[in-house]
Amino acid sequence: MNERKTNEQNYCRWAPSLGSLANTHQEVWGTKEYNLAHIFEPTVFFGMYDLRDYLALWLHKGKKWVLWAGSDILNLKSGFIANDGKLKLLSMLLKDKFKPFILSILKNANHWVENEKEQQALLEEGIPSNISPSFLGKIEDYPLYWNGSYPFMAYTSSGSGRQEEYGFGIIENIAPKLPKIQFYLYGADWKTNNPNVIVRGRIPQKQMDEETKGMHLGLRLNNFDGFSEILAKAVLRGHYAIGKVKHPHIPSFENEEDLIKKIKQISSLTEPNLGTRQWYIENLNKYPWVLRA
């Protein structure tokens, strides 16, 4: 792909539903904050969750890229284009009328996703896309850090109310079969019956980063997902990672028995995951809108 020169300026519209990540697009990509004054400027639209995002893309007259975040693709496929409860129901009832219009908007942009599963889901809607994993954090903030001591510690995170979607139930099921592994759950409450499941809940991001720095395995157990910060931070630190969705050089699993098998294999390793770390350092954020020297 062609990378832009340092004297060019691209913009980023951050979907309101996306929330905050490790750092800003300004810090990581070198893009500037988008507003209606920039409708003729080259712009990446990060996240296509609802009608607000589609209308912003429709109104834009300049070069436009879309970076899909994961669950926004599921919203598109289901016809969900509104966050409000009543509007959500209305959008579902009228999706056959809305969806052709939405797809016509999307076909006028260049699309990017983070894995083959997302790419295939978009292709089923007639939208071709390119693949590159993203990380909205500073790579230098996550240096190699390998804790060679035991117990072996695995970690994952979930938003409140989405614990099953993010695999807390899976961990509850497999923990008794892996009694020597400590599983740390972040981001949401969870009631556990297992002494080796440690519920940390919602704590400041910096505190979570400091705690997980000394662990060994990042888990991302969602059935449909982009390239999450859990995986990104794990591999950048030289930790190991497992995801339900396939990513380059990161093991995936078919079912709970397969996950148990892979965790057992990884827990016997004594050296950091240097090969995977180097691959992601070299391949994160390879987008045409990113400022590069």
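Author: Helices here are DSSP runs of H or I with at least four residues, strands are runs of E with at least two, and both are numbered from the N terminus. Just after α9, Gly238 takes a positive phi of about 85 degrees. The model is predicted, so local features need pLDDT of at least 70 and side-chain atom pairs count only at pLDDT 80 or more, while totals for chains, interfaces and linings use all residues. Residues are numbered from 1 along each chain as its sequence is written, and side-chain values use heavy atoms, with hydrogens and water left out.

Reader: What makes helix α9 mostly covered?

Author: Buried means under 20% relative accessible area, exposed over 50%, and partly exposed in between, with a 1.4 Å probe and protein chains only. In α9 (residues 229–236), 8 of its 8 residues are buried, among them Glu229 and Lys233. The cover over these buried residues includes β7, α8 (205–212), β10 (217–220), β11 (240–243) and α11 (274–283).

Reader: Why is Gly187 called buried?

Author: Its relative accessible area is 11%, which is under the cut-off of 20%, and therefore the term applies. Gly187 sits in the loop between β8 (181–186) and β9 (197–201). Contact means heavy atoms within 4.5 Å; beyond its neighbours within four places in sequence, Gly187 is in contact with Ser157, Ser158, Gly159, Ser160, Gly201 and Arg202.

Reader: Why does Asn147 count as buried, and what joins its side chain to that of Ser149?

Author: Asn147, in the loop between β6 (130–131) and β7 (152–157), has a relative accessible area of 18% and is therefore buried. A polar contact is a pair of N or O atoms within 3.5 Å; within protein, one must be able to donate a hydrogen and the other to accept it, and residues adjacent in sequence count only if both atoms are side-chain atoms. The side chains of Asn147 and Ser149 are joined by such a contact, at 2.5 Å. A polar side-chain atom of Asn147 also lies 2.8 Å from the backbone oxygen of Gly214.

Reader: How do you know which residues line the second largest cavity?

Author: On a 1 Å grid over the protein atoms alone, a cavity is a set of points where a 1.4 Å probe fits but cannot get out, and lining residues have an atom within 4 Å of a point. By that rule, the lining consists of Trp146, Asn147, Gly148, Ser149, Tyr150, Phe152, His216, Leu269 and Thr270.

Definitions and conventions
On a 1 Å grid over the protein atoms alone, a cavity is a set of points where a 1.4 Å probe fits but cannot get out, and a pocket is an open set with protein on both sides within 12 Å along at least five of seven lines; lining residues have an atom within 4 Å of a point.
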